[in-house]
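User: I would like to learn how to read the features of a protein model. Could we go through one together?

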Amino acid sequence: MGTFAPEHFGKILSRFHILAAPFQWHENDPLVIKAAKHVGLPIVTHDIGCIPDMLRDYPQATFLPPTEINAWTRVLKQLSAGAPPRPGPAVKAKSMVANAR
């Protein structure tokens, strides 16, 4: 999707059913993970670096090795099959960005 202003996060993320973040490096503190968590998206991401700690108590997080393509395919298909419709932004974008920091 490219870059966009932080105040648009809520509107943009409301169009998604799942956040897939297969980073292949150690992320420091990714805002996209914080934002997706804040709006309640299921998150599929890797099991390295600080991300598992960020999502330790988040029940909608799934951790996979970043290079296991078959596992990613299987999990994303499973989550997509049960993805409910997402009506509009779950929260106001300004408060979501402030809370994600």
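User: In which strand is phenylalanine 63 found?

Analyst: First, some ground rules. This is a predicted model, where local features need pLDDT of at least 70 and side-chain atom pairs count only at pLDDT 80 or more, while totals for chains, interfaces and linings use all residues. Residues are numbered from 1 along each chain as its sequence is written, and side-chain values use heavy atoms, leaving out hydrogens and water. Helices (H or I, at least four residues) and strands (E, at least two) are DSSP runs, numbered from the N terminus. Phenylalanine 63 lies in strand β3, residues 61-64.

User: Is phenylalanine 63 buried, partly exposed or exposed?

Analyst: Buried means under 20% relative accessible area, exposed over 50%, and partly exposed in between (1.4 Å probe, protein chains only). Phenylalanine 63 has 31%, so it is partly exposed.

User: Which residues does isoleucine 51 contact?

Analyst: Contact means heavy atoms within 4.5 Å. Leaving aside neighbours within four places in sequence, isoleucine 51 contacts Phe23, Glu27, Pro30, Ile33, Thr45, His46 and Phe63.

User: How many residues does the largest nonpolar core have?

Analyst: In soluble globular proteins, nonpolar side chains tend to be buried together. A nonpolar core is a set of buried Ala, Val, Leu, Ile, Met, Phe, Trp, Tyr and Cys residues joined through side-chain atoms within 4.5 Å. The largest here has 16 residues, and Ile33 and Ile51 are among those with the most contacts inside it. Helix α2 gives the most to this core, with 4 residues.

User: Which residues of α2 are buried?

Analyst: They are Ile33, Ala35, Ala36 and Val39.
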